[in-house]
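Student: I have a two-chain model to go through. Can we take the interface step by step?

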Amino acid sequence: MNKKSSYRLLQGNEAVAEGALAAGINFFAGYPITPSTEVAEILADRLPADGGKFIQMEDEIGSIAAIIGASIGGCKALTATSGPGFSLMQENLGFACLAEIPLVIVNVMRGGPSTGMPTSPSQGDVMQARWGTHGDHPIIVLSPSSVEEAFHYTIKAVNLAEKYRNPVILLMDEVIAHMRARVSLPPESMVERINRVHPNMPPEWYLPYERSATGVAPMASFGDGYRYHITGLVHDAKGYPTASPNECRDNIRGLFTKIERGFREICLVDYEQMEDAEHAIVAYGSMVLSARSALEQLRESNCKVGLIKLGTLWPFPRFALEQYLPQLKTILIPELNMGQIYREILRVNAGKAVIEKLNRVNGTLITPSELVKTVKGLIR
Amino acid sequence: MISNSQLVNKYFRHNKKFPHIWCPGCGIGTILGSMLRAVDALALDKNEIAFVSGIGCTGRAPVYVDFNTLHTTHGRALPFATGLKLSRPELKVIVATGDGDAAAIGGNHLIHACRRNIDITTIIFNNYIYGMTGGQYSPTTPHGDKAYTCKLGNIERPFNIAALVEAAGATFVGRSTSYHTLQLQNIIKKAITHKGFSVVEVITHCPTTYGRINKKGSAVDMLSWQKEVAVDKTRAAKMDAKELEGKIITGVLMEKELPEFCEQYDKIIAEAQNQQ
Amino acid sequence: MSQTTTEIRLAGSGGQGLITGGIILAEAAILDHKNVVQSQSYGPEARGGASRAEIIIAEGPIFFPKATWVDIFLAMSQKACDQYSFDIKNDGIFIVDTTYVKQIPTSSAVAIPISAATREKFGKELFSNIVALGVLCEACKVVSGKALKAAISHRVPKGTEKINLEAFTFGQKLAREAQKNHNEADSEAIAADT
């Protein structure tokens, strides 16, 4: 609106919609649910003007099914939902993992379980995002901690989904989704767009699930002349169902291998004041905001505290912690749940530092002063 | 008309391991045959056909044929197909689904696809039972009939699928049986040509489960029953209610033209771009 | 929080337009080249119960997005005044709409019948939130009137810009009059003392 300033007032959900458009999303299917509905409303308005498509489905099961269908048709597809809707999407999320369909699910976490606290912040879906669908499967989960990051992580999510032929979940908490902040969005030419690799070979050569050197197979769109089969059954390189133990193993292991190869690229982690830190706060989402504020106060009173900010939650960036374990005495993990990433930290820490959690499940945030008090108590 | 060996040569996947998973005497293969003959008669390009299915015996049909084939999750073939069709309106999207897949777990998607009038052809293979899981009662199992989850008789009333989809807003409704292969082929042909959401209900038989527990005899006996109870729509019009008792009316039951979803959406795009 | 940070809370009942007011205030802060974070209570209460919007304006970075020690508070309903005035700074600015707030918890409030005055002037209370922004702008100067006017023009429905800007100016006038009366009362009190 103001041509002179590149800064805009943007809500977290608006930033997601802007990020989706910047990343080249041209298909959205969704179902209304608080607190994610703004994403659907904005994309319903904006997509057709760009030649993209929007459809409101009859439920969230249909929504994820439709974006899988659209992705198979060659679109870059995204849906946005919240806890109960995310629960409904789980079965088809597993389909997309096994059939290796690129797509992005935005899950704006609200208080749960069940209908829970529809308009209150929570981080209760961290483990569901990892293990919500049945069976062993790899998943990529990103969690933005500011409005600006909501924009950039949405782009990252789309790019990772396309590159690795895998569903990516953007896990936001309601605080980030609904807060408005001053942000500066980069011009379109500065936004990196990654497209899935399409086959160039003659159709008779094409094996839809034969992995290339990158660990990912080129993906043909339906209608492009490569007639092939996609199924939710464990399959061979041709895409046909198989019961051969070797082929089943190759299928499932292959899913993990491609994500393991990209591990470092997928893992987004930031470190703040960690160089001399003897104590660390590990945070993600809105808890990063509380932690930063606490850090400022703690450093003023000469406490050697740093912040490890997790942008990627899954695969879990264990190296982020491991490299600092030799210098850390205590680690505090504030979460708006009963302690979900806390368990991962315990696992990686393996008894080296003192691990403490600070949890809240009443629909309000953990404040900076509470963090300051807890860290000071730990240091003492 | 294309011969059987030509049909196999032209439409079956030669790099797919056979035999297929269906039981001896199953009606699914016959219905698939009618569908392929309809596709052949329309001279459609195989690259332009997307064949989508859900879960169950019917769900296994796409893997054998040489189209763009998508075997989805239980009950969800229609929303997958909806996304695919909207992303690629030039594709002819055909959905194969069973009675349990379409009318129980996928019932909500079915009625909303009808309401939306998206240009998809849905063939519902109605054999009155869940075959793959071993014979449990489905939303179309007749009242009083037996299944392995209602051995003393079904106390629920069945859906009349053709009536259901018509009420939900489908713009083409046809019905035939796996005995009437030629009639079925012609109805599927019309359904594919129809612009909008078309449903073809096919009455078929599961000799292994439904037939066995209800003592319906062999597959041939069950086909003979289909022959007996099926009454073409034009003939049925001349029969009274008493004569029609226990009969199944077949043919193109309803056909109308209403704006199609993808075409309407293209207009939305044009309007949105015009406003810019 | 550093000294250059200002925390503002607008509280009232759902439908009074205070969340829109908060968004306008935040956008004005950006036009004034300041950093800003805005959040709100959200949900069924936004359509009838006590609702609030919070705006944090700073020269430097803002970390925690919620107000914790409020500099400027606007209350437009008794319930909101009771519920959300617990963490106002002692020297904070306390603005109340006396149309609906009958019991004010402080003796140093800027007390103006915002809604009643709006109704009298414009025939309806629809513009009370914009009038309140005028009051707030005049009473605390945290954002410039110029920026607020630009933000109002951008955020209100097309075709209503002119009347909304009138409402804003009207609010500024109300605040000036209240200030004047207050000063006069003060000088009278001082005169009485001496």
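Tutor: Strand 10 of chain A and strand 2 (residues 68–71) of chain B pair in the parallel sense over 3 bridges. Keep in mind that this model is predicted.

Student: Which residue is the bridge partner of A:His229 in strand 2 of chain B?

Tutor: Start from the strand pairing, which is parallel. A:His229 has its bridge partner in strand 2 of chain B. That partner is B:Thr69.

Student: What area is buried between chain A and chain B?

Tutor: The contact takes 45 residues from chain A and 42 residues from chain B. Carbon and sulfur atoms give 56% of the buried area. The total is about 3,500 Å².

Student: Which residues in chain A lose the most area to chain B?

Tutor: Three residues together account for 21% of what the chain A side buries. They are A:Glu58, A:Phe222 and A:Arg227.

Student: Which side chain meets A:Glu58 in a salt bridge?

Tutor: The count between chain A and chain B is 3 salt bridges. The one at A:Glu58 has an N to O distance of 2.7 Å, inside the 4 Å cut-off. The partner side chain belongs to B:Arg116.

Student: Which element gives the largest share of the side of chain A that touches chain B?

Tutor: Elements that give two or more residues include helix 2 (37–49), helix 4 (83–99) and strand 10 (229–231) of chain A. The largest share is 8 residues. It comes from helix 3 of chain A.

Student: How many residues on that side of chain A are nonpolar?

Tutor: Set aside 14 polar and 10 charged residues. The nonpolar count is 21.

Conventions
Residues are numbered from 1 along each chain as its sequence is written. Chains are lettered from A and ligands numbered from 1 in the order in which they are written. This is a predicted model: local features need pLDDT of at least 70, side-chain atom pairs count only at pLDDT 80 or more; totals for chains, interfaces and linings use all residues. Side-chain values use heavy atoms; hydrogens and water are left out. Contact means heavy atoms within 4.5 Å. Buried area is the accessible area (1.4 Å probe) that two parts lose on being put together, summed over both. Helices (H or I, at least four residues) and strands (E, at least two) are DSSP runs, numbered from the N terminus. Ala, Val, Leu, Ile, Met, Phe, Trp, Tyr, Cys and Pro count as nonpolar, Asp, Glu, Lys and Arg as charged, and the others, Gly among them, as polar. Two strands pair if DSSP finds at least two bridges between them.
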